[in-house]
Amino acid sequence: MKERLYRSLQQKSIALTLVVSLAPLLILGATLYHQFENTCREKTREQISYRAQAQAEAIDLFLKERTAILNAMADTHTFQHMIDTQNLTRIFEVMNARAGAFVDLGIIDNTGTHRAYVGPYDLRGRNYIDQPWFNEVMIKGHYKSDVYMGFRQQPHFIIAVRRHENQQAWILRATIDPNRLEEIIRSARIGRTGDAYLVNRQGVFQTRSRFEGAVLSKANLDTRQFGGRITVIEMKDHTGEDCLYAGSWLNDNKWLLVINQQPLELLSRLFALRQMEMVIITLGVLGIVATTIFTTRLVINRLKRTDLEMIELNAQLVQSDKLAALGKMAAGVAHEINNPLAVILQKTGWMEDLLEEEDFQNCENLDEFQKSIAKIEEHVERARKVVHNMLGYARRMEPRQEDVDVNDTIQQTITLLENHARINNIDIQIDLADSIPIIASDQAQLQQVFLNLLNNAIDAIGSNGSIDVVSLREDDRIVVRIKDDGPGLSDEMIRKIFDPFYTTKEPGKGTGLGLWVSHSIMAKMGGNIHVKNNPDRGAIFTVEIPIVIPEKK
Amino acid sequence: MDYFSILVVDDEVDFLETLVKRLQKRNIDTVGVTSGEKALETMVNKRFDVVILDIKMPGGMDGIETLREIKRHQPLAEVILLTGHGSVETSIEGMKMGAFDYLLKPIKLEDLMVKLGEAFEKKDLQEQKIRKARIKELIRFPGRVFQQEKEE
């Protein structure tokens, strides 16, 4: 019952402490776990989007630069000047020196015929009148092509500008090396999984992709997903992993710069951090749980012990109260019984006196009368003894104060019983502490207590056994323990052993007053006497005597 | 013990009567009364050697008060206290006030007789001592004898 109470208290205490201490930790952990990841994903998106924009601007700038140079050349030179190969070569060299990336340069007249050409291929004389770009540049004044193979069977793209001169239109056309685009983009490829490339509206690679294909192959990408200027979308890449794609339109929205990156790669450091956080939190949780359980157990155990001591103390108090009340009652009862006993004894005495007279000497029942009277007197004597034992308590109300050596008193008492013990083959072991001072107490009363306890121990053992008598000093008390190896005591015996008239001896063998009187003596002295079972065997009686230092005479 | 006279004081009539009868049967001059007041009355007219006095007598004077009065009127009379319960305090108080001894009820007549003998001896000794002292005084200071007797 009590045990269940402690267990429930312990469980409640542990649960409450754990909830209070773990909740903030777990909430913090969970928040960190999610918020951190979200923040980092957001950051990654921002970063990739920014990168795409920067790269797109770089490429746009690259294209605009080339277009501007072409325009400048066309504006500052006449057709006649240009179609001279020597002049064109010089212009071509200037352009490459100032801007670079030009593969060749040609002049096309309004019939679509290539009139002059500088470059690695012999394209002079070719006619472009049927090419769609020719018409476009003639109409719009400028043209930038997608990357294509063309006559030369090499990926390239062209920039063409138109010039009006004397009602005649002619075209300055240059081929650009697409590798230069890739060089610009390459710096956007980050880590193991990062990629960056250009595709046109149809999803054809304008530059080589790191993983997904060569120039002019078809990309596995729907360019319609990318609207506006910069778009970031998340989808599976060629390996099936989650991947962030950032797209930015450029070159008059003809080309799409795509930068893709597996966020996991960028987040891996975060994940390591998060793992560490989890480990720390787990360790923290374990630590808290262990500490909580440990301290709670400690507290509950201490509580249990205190309760137990309290119960014992209460039991002792109840015992003392009970015995004190019984003592008062016994004194009253003794008086009430002694008076009638006195009368009875006088009456029988008177009868004896009368029977001495001559009239009765010849009575045939004289003998019977005398025997009956003797019996009555014998039983009055028996009753008297019981009452006197009880009165013994009352008479011992005031212990004397004399110098007492407790060890000496124990020795003397044992000497009295030595023969009795030897006959029953009982060995009395003595272990007396040297540090016991002489105290002011009542030696006769102490001796009676020791005598009662030792007698009881001998009676409890019967024969063949041993008794240990130990004296020691504990703070302000002298403690004497008398330990026997008899059968020990039942719970009921322990409860009642100091009650008057409680005896387990055969009728007539004991009055049941010895321990009661002993208890009363010790209580009166300000000491104590209590009993418990020895866990091994037998019982242990403990007498506590207060140390009162005798006054100097 | 021709001139040995005893007064028994006890409120327990049965006890008193029987004890008186038994002592008288042994040729001891014995008077019994049931209260302290009666005892003092009786002692006005008669000198007793020993008074057997019950300490506890409910109603009227108790044993200790009676003892005090007896010792005032007849300091030489020895008092044996009787008690049904052995309160050391009362007994010691009684002894301090000059009681000879105390006995616990129930008592056997034989024990009481022994105690009476002792009490009588003490009283006898006391009387002799006083007589001797008085005679010495008489010889030394004839004029002061009367006065000293009064002081006792």
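User: How many residues does helix H5 of chain B have, and how far does it reach?

Analyst: Helix H5 of chain B (residues 109-140) has 32 residues and reaches 46 Å from its first C-alpha to its last, close to the 46 Å expected at 1.5 Å a residue. The expected span is 1.5 Å times one less than the number of residues. Helices (H or I, at least four residues) and strands (E, at least two) are DSSP runs, numbered from the N terminus.

User: Before we go on, what sort of model is this, and how is it numbered?

Analyst: This is a predicted model: local features need pLDDT of at least 70, side-chain atom pairs count only at pLDDT 80 or more, and totals for chains, interfaces and linings use all residues. Residues are numbered from 1 along each chain as its sequence is written, with chains lettered from A and ligands numbered from 1 in the order in which they are written.

User: Which residues of H5(B) are buried?

Analyst: B:Leu112, B:Leu116 and B:Ala119. Buried means 20 or more other C-beta atoms within 10 Å of the residue's own, exposed means 12 or fewer, and partly exposed is in between, with C-beta atoms placed from the backbone.

User: And what do they pack against?

Analyst: Strands E3 (50-54), E4 (78-83) and E5 (101-104) of chain B.

User: Switching to chain A. How many helices and strands there?

Analyst: Chain A has 12 helices and 16 strands. Of its 553 residues, 29% are buried.

User: How do H1 and H6 of chain A pack?

Analyst: H1(A) (residues 2-76) and H6(A) (residues 263-355) pack at an angle of about 170°, with axes 9 Å apart. They are therefore roughly antiparallel, a label for angles over 145 degrees. Their contact has 20 nonpolar, 9 polar and 6 charged residues.

User: Now strand E5 of chain A. How many of its residues are buried?

Analyst: In E5(A) (residues 168-176), 7 of 9 residues are buried.

User: What does E5(A) pair with?

Analyst: E4(A) (residues 157-165) pairs with E5(A) in the antiparallel sense over 9 bridges, and A:His164 stands opposite A:Ala169. E1(A) (residues 102-108) is joined to E5(A) by 6 bridges, also antiparallel, with A:Phe102 opposite A:Ile176. Pairing needs at least two DSSP bridges.

User: What about the turn between E4(A) and E5(A)?

Analyst: That hairpin has 2 residues between the strands, and A:Asn166 takes a positive phi near 50°.

How values were computed
Axes are lines fitted to C-alpha atoms, for helices over the stretch in contact, and angles run from 0 to 180 degrees between N-to-C directions. Angles under 35 degrees count as roughly parallel, over 145 as roughly antiparallel, 65 to 115 as roughly perpendicular and the rest as oblique. Ala, Val, Leu, Ile, Met, Phe, Trp, Tyr, Cys and Pro count as nonpolar, Asp, Glu, Lys and Arg as charged, and the others, Gly among them, as polar. Two residues are in contact if their C-beta atoms, placed from the backbone, lie within 7 Å.
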